[in-house]
Amino acid sequence: MSSAVLTVASAACFRRSCAGFEPETLSGTDCAALADELAAAVKAGEAALVLAVARAVSCGAHKARGFSDGAAWMARQVGGTTGQARQALETAAGLADCPDTQTALLAGEVSLLQAAEIIKTEPEAPGAEAELLELARGSDLGQLRDKAREHRQAHCDVHELHRRQLRARNFRHWRDRLGMVCFAGALPPETGVPFINRLELAAQRARRAVHQSGGERERFEAYAADALAAMAVGEGPARSSRADLVIVCDLFAWRRGHRHPGEVCQVIGGGPIPVELAHELGKDAFLKAVLHDGVAIHTVKHFGRHFPAELRSALDLGPVPAFTGAQCADCGGRFGLEYDHINPVANNGETSYDNVEARCWEDHKAKTERDRQAGLLGPNPPYPP
């Protein structure tokens, strides 16, 4: 029997096994172990499917099945859209230039979407494949996209990057099936970051107010939607002591007006920008600076809940020396972040650089619950519950 027939037979056998699957007959532990194996099998199977379709299309085999367009044939096969199928076929074509990614994909170690992100990044940032592949094996797609974007930005001329960002700005809107007004858009970092920062601040205040009043809490996204509507009619949050936009720029680059290799000039949470733009944004603005050899952040500590300004600034900047901004310690997200004590204050934890991490609302709640179960919060646990 040929290997091709064996492959078809194996795929058919797997499909029949899934058709008869009854999860109720297994324990929770067994289902968890099965889920781990199936996740790898699904990723490997998706890779094999795409490569098989790509080969069939290159040979014209799809035409015998009544399709003139190979992507349309694949879309019918998997129940997706033609656009999604076309992207998958583009990923299959790019695997030839990233053999290590193809090997990991067929082994079920990474997903097709993760492989696509690596393949798109490697030509723009040669040599990034190895690091991105290692990250993909142990993280989700969001974290991989963040790191891939950092690689692409680092290998792109900052002026060209900013020109691309300006050309890519957009806004569109539509109505969904419920009649909701939906929209999507993109802004360059110098306008998008302060907009998001103010929006998140207003949403966090609203959520905290509901918590303090004992009201029923909603998703963070619901408070963000209310904040956006308020900002649109000029009822946004009052100014606070926290900056809407924070720029990190090497002092020598600032003075000479351009960067040299190894020097940083970027918007926290938004990536690199030209030094000239940093100068322009700095006009008539309150500037926040953190010096490497100024205040030693590791020495700033106390036992209350208040965050000193220099400590909050350092936390907002993110890891040194990349200064890529704060991210959730658990999921890597950047939306709706709050600062959480690793060892809770109720358990004599310090408010210090080494004892504070950023977390999104959901992961903050989960961490608080773990601390409660461990008996670290005392009789009156802090916000969030």
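Predicted model: local features only at pLDDT ≥ 70, side-chain atom pairs only at ≥ 80, totals over all residues.
1. Let's start with a pair of strands. Strand β1 and strand β2 (residues 181–186) run antiparallel and are joined by 6 bridges.

2. As for β1 itself (residues 170–175), the number of buried residues among its 6 is 0, so the strand lies largely in the open.

3. Next, the open sheet. It has 3 strands, in the order β3-β4-β5, and the pairing is antiparallel. The edges are β3 (247–249) and β5 (271–272), each of which pairs on one side only. Between β3 and β4 (residues 265–267) there are 3 bridges, and I247 stands opposite V267 in β4.

4. Now for a helix. T121 sits in α6, which covers residues 112–121. Is T121 buried or exposed? Buried: its relative accessible area is 0%, and the cut-off for that label is under 20%.

5. What does T121 touch, if we skip residues up to four places away in sequence? The list is A128, L132, A148, H151 and R152.

6. On the surface, have a look at L187, F195, I196 and F335. Together they form a nonpolar patch with about 340 Å² of accessible area. F335 belongs to the loop between α14 (309–317) and β7 (337–341). With a relative accessible area of 39%, F335 is partly exposed, since that label covers values between 20% and 50%.

7. Last, an arginine that deserves a click. R359 is in strand β9, residues 356–360, and it counts as buried, with 5% relative accessibility. Its side chain makes a polar contact of 2.9 Å with the side chain of D340.

8. R359 has other contacts to browse, again leaving out neighbours within four places in sequence. Among them are C328, A329, D330, G336, L337 and E338. The list also includes H364, K367 and R370.

Methods
Residues numbered from 1 in each chain as written. Heavy atoms only, no water. Helix = DSSP H or I, 4+ residues; strand = E, 2+ residues; numbered from the N terminus. Buried < 20%, exposed > 50% of the residue type's maximum accessible area, 1.4 Å probe, protein only. Contact = heavy atoms within 4.5 Å. Pairing = 2+ DSSP bridges. Patch = residues over 30% accessible without salt bridge, like charges linked within 9 Å, V, L, I, M, F, W, Y side chains within 5 Å. Areas by Shrake-Rupley, 256 points an atom, 1.4 Å probe, with all protein chains shown as cover. Salt bridge = Lys/Arg side-chain N within 4 Å of Asp/Glu carboxyl O. Polar contact = N/O pair within 3.5 Å; in protein donor to acceptor, adjacent residues only side chain to side chain.
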